[in-house]
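Trainee: I'd like a close look at one part of this model. Please keep the pieces connected as you go.

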Amino acid sequence: MSDTEADEGGNRKVKRFMIVNRKAPYGTIYALEALEVVLIGAAFDQDMTLVFADDGVYQLKKGQQTKGIGQKNFSPSYRALGDYDIEKLYVERESLQARGLAPEDLLVPVRVLGSAELSVLMDEQDVVLSF
Amino acid sequence: MAVLHTTNKSPLQTRDLESCLRLTRPGCSILLLEDAVYGALKSIEANAKLVDAAKDRRLYVLGPDLAARGFTPEEVIAGIEVVDYGGFVDLVAEHHHVQAWV
């Protein structure tokens with residue numbers, strides 16, 4: 001059976017998707033687009049995992065106030081991901097440390113993993129989308 | 001007055017700020033905006049080196065961009081002045097011209 005075919009019961013195969021977020025929010029559109037993609041994936045009942053590494057960890061920084069730059073503050077959306085059964089949020093330890101951040105500085109509970117552990121997780125995915 | 005340089009990329013993802021410092025002259029001004037505001041934070045150890053390299057220049061950071069990213073003026077390295085959009089306009093008016101390091 002190919003990945004796109006339905007099984008005998010008519011159910012489409014659930015794939016493991018990983019969204020890798022490596023950009024800071026607001027300066028580019030990547031962070032917001034990644035959020036859209038993860039919600040679309042969840043709407044199609046796919047197995048979604050989010051990884052935050054490099055400047056991507058800044059997407060989860062508490063206290064974002066975007067009124068002054070006239071952009072929508074989309075950071076509260078990360079707190080709503082649980083409502084869509086998106087619960088696999090991983091942050092790379094090395095990226096956090098390089099930015100002097102701790103898990104308490106982030107607006108959602110995350111699992112902090114080292115690069116080596118994250119690379120194993122990445123290898124296990126069917127699809128990895130990089131933002 | 002001298003040149004106002006602006007940089008808008010995170011110093012952890014690109015080397016724009018480093019190039020800006022290498023290729024600019026003492027006495028100029030550098031404004032960090034958009035993702036470059038991370039370059040003004042005390043919390044990033046590597047920033048100390050950048051600021052040290054810029055001690056003969058005036059450094060500014062755009063406040064609204066800092067706030068959007070969840071940081072306050074208290075988290076900015078001493079010696080870097082936080083300006084608002086009005087301050088940005090004043091800087092542009094005060095300087096001979098503006099050079100953007102995009």
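How many of the six residues of strand 1 of chain A are buried, and what does that say about the strand?

Mentor: Five of the six are buried, so strand 1 of chain A is largely enclosed by the rest of the structure. Keep in mind that this is a predicted model. Strand 1 covers residues 16-21 of chain A. Let's look at what surrounds it.

Begin with the sheet. Chain A has an open sheet of five strands, paired in parallel, in the order 4-3-2-1-5. Strand 4 (111-113) and strand 5 (127-130) of chain A stand at the edges. Each has a single partner strand, so one side of each is left without a neighbour in the sheet. From one strand to the next, the twist averages 25°.

Now the pairing with strand 2 of chain A. Six bridges join strand 1 of chain A to strand 2 of chain A, in the parallel sense. Two of the residue pairs can be named. A:Arg16 has A:Asp47 as its bridge partner in strand 2 of chain A. A:Phe17 has A:Met48 as its bridge partner in that strand. Strand 2 of chain A is mostly covered too, with five of its six residues buried.

Further along the sheet, strand 3 (residues 88-92) of chain A pairs with strand 4 of chain A. The sense is parallel, and there are three bridges. One contact to look up there is A:Tyr90, whose bridge partner in strand 4 of chain A is A:Arg111. Helix 4 (residues 115-123) of chain A packs on this sheet. Helix 4 of chain A touches strand 1, strand 2, strand 3, strand 4 and strand 5 of chain A. Its direction makes about 140° with that of strand 3 of chain A.

Next, the other helix on strand 1. Helix 1 (residues 30-43) of chain A lies across strand 1, strand 2 (47-52) and strand 5 of chain A. Helix 1 of chain A runs at about 165° to strand 1 of chain A. A length check is simple. At 1.5 Å a residue, the 14 residues of helix 1 of chain A should span 20 Å. The end C-alpha atoms of helix 1 of chain A are 20 Å apart, which agrees.

The burial pattern of helix 1 of chain A comes next. Its buried residues are A:Ala31, A:Ala34, A:Leu35, A:Val38 and A:Gly41. Seen down the axis of helix 1 of chain A, the buried residues fall within an arc of 125°, so they line one face of the helix. The cover over these buried residues includes strand 1, strand 2 and helix 2 (76-80) of chain A. The face turned away from the buried side carries the exposed residues A:Glu36, A:Ile40 and A:Ala43. After helix 1 of chain A comes A:Asp45, whose phi is positive, near 55°.

Helix 2 of chain A deserves a brief stop. A:Ala80 is found in helix 2 of chain A. A:Ala80 is exposed, with 11 other C-beta atoms within 10 Å; the cut-off for exposed is 12 or fewer. A:Ala80 and A:Val108 are 28 residues apart in sequence, and their C-alpha atoms are 9.4 Å apart.

A:Phe131 is buried, with 20 other C-beta atoms within 10 Å. Leaving out residues up to four places away in sequence, A:Phe131 touches A:Ile19, A:Val20, A:Asn21, A:Arg22, A:Lys23, A:Tyr30, A:Glu33 and A:Ala34. A:Ala34 is also one of the buried residues of helix 1 of chain A. The C-alpha atoms of A:Phe131 and A:Phe52 are separated by 9.9 Å, though the two residues are 79 residues apart along the chain.

To put the picture together: strand 1 of chain A pairs with strand 2 of chain A over six bridges, helix 1 of chain A lies across strand 1, and helix 4 of chain A touches strand 1 as well.

Last, the partner chain. In chain B, 16 residues are in contact with 20 residues of chain A. By class, that side of chain B has six nonpolar, five polar and five charged residues.

Methods: Residues numbered from 1 in each chain as written. Chains lettered and ligands numbered in written order. Predicted model: local features only at pLDDT ≥ 70, side-chain atom pairs only at ≥ 80, totals over all residues. Contact = placed C-beta atoms within 7 Å. Nonpolar A, V, L, I, M, F, W, Y, C, P; charged D, E, K, R; others polar. Pairing = 2+ DSSP bridges. Helix = DSSP H or I, 4+ residues; strand = E, 2+ residues; numbered from the N terminus. Axes fitted to C-alpha atoms, helices over the stretch in contact; angles between N-to-C directions. Expected span 1.5 Å × (residues − 1). Arc of directions from axis to C-beta.
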